[in-house]
Amino acid sequence: MSNTANKVNLLDFSHATLKDYFISIGEKPFRATQVIKWLHQMTAGSVDQMTNLSKSLRTLLEEKAEIRAPEIVIDQQSADGTHKWLLRLADGNAIETVFIPEDDRGTLCISTQVGCALDCTFCSTARQGFNRNLTTAEIIGQLWVAKRTLQADPKAPRVVSNVVLMGMGEPLLNFDNTINALSLMLDDNAYGLSKRRVTVSTSGVLPALERLGKTIDVSLAVSLHAPNDELRDQLVPLNRKYPIKELLATCRQFLANKTTERNHITWEYVMLDGVNDRDEHAHQLAQLLRGIPSKVNLIPFNPFPSTRYARSSNNRIHRFRDILTEAGYTVITRKTRGDDIDAACGQLAGQVNDKSRRDVHFARIERNN
């Protein structure tokens, strides 16, 4: 038996790259379809379970390959049914993945980085700093773990029907591995999810967003959080590099590239008391998005230790919503789910061996305030 360090991880392959791998070891490419089904439809934990492969091929794969998913360290369930897993990676870092069951869907929130390379000021994940991008196996492995765990639980309320890349990290700063994972989510031989039910959330990494629209057809959510550059520069520092005007132009082109009839952008807008939640902000937002098929997702801020922000009142959120609705927009106020286990939007933290030294940066800011 060869050392595990020398083995390839079968979860690291997309369908296309797995075909190439089988060719490289002298096997027929159709074997990739068989293995993809075993891996992702049946969540096989070992090559030996793949009984429609010949014994000689299973022996070869056991020598050269393994199935290595992130390891569940903590499995928490909220009073509202939300499920959160802390998953340990091979290098000792840990990430968080959240499953949200609802009456008509089961949504899995997946991470794409250890920590986050961006530093949005209202986000707990950003405070953890950044270590590295996740591999394809570590991204799709979160779906693999969730599906396997939920299927094994007879009391599980629902299976995964929707996936949102809204966990730890900025997906478009991990482009290739994100695309490989997305292709498996959409692949009928793997998870077979509808492209309307797979959503990539981005803060607006524009060159990668342009590539995304040309590479794969999925739904898009944009972390906007402000209706003007001056305010967004403070909340989402990436805006200083890619300002709102350029972001909107890229989003329009993204919609032009889509093939589905239900074309719209979901705009995520966290509601921060006295910061971005005034009537004038709602009117500015309504004007800003004019002409773009849009749905606005208002997100009540989820506080975390040492944050300087507070959640907008329910009355203020309702007023903001009403202004946008009167302007003709579809507006959803996101229900706060899983906040009792720190699984709500903006609260995911994991365990990050921070290479960015962002904790030092924030400590300096707090000392000066």
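Among contacts (heavy atoms within 4.5 Å) between residues at least 6 apart in sequence, 67% in the protein chain join residues at least 24 apart. The model is a predicted one, in which local features need pLDDT of at least 70 and side-chain atom pairs count only at pLDDT 80 or more, while totals for chains, interfaces and linings use all residues. Numbering starts from 1 along each chain as its sequence is written, and side-chain values use heavy atoms, with hydrogens and water left out.

The protein chain has 12 helices and 14 strands, taken as DSSP runs (helices H or I, at least four residues; strands E, at least two) and numbered from the N terminus. Of its 369 residues, 54% are buried, that is, under 20% relative accessible area with a 1.4 Å probe, counting protein chains only.

Now for strand β12. All 7 of the 7 residues in β12 (residues 265-271) are buried, so the strand is largely enclosed by the rest of the structure. In a regular strand, side chains alternate between the two faces of the sheet. Here both faces are covered: Ile265, Trp267, Tyr269 and Met271 are buried on one side, and Thr266, Glu268 and Val270 on the other.

As for neighbours, β12 pairs (at least two DSSP bridges between the strands) in the parallel sense with β11 (residues 219-223) over 4 bridges. Glu268 of β12 is the bridge partner of Ser223. Strand β13 (residues 294-300) also runs parallel to β12, joined to it by 7 bridges, and here Tyr269 stands opposite Leu298.

Technical notes:
Buried means under 20% relative accessible area, exposed over 50%, partly exposed in between (1.4 Å probe, protein chains only).
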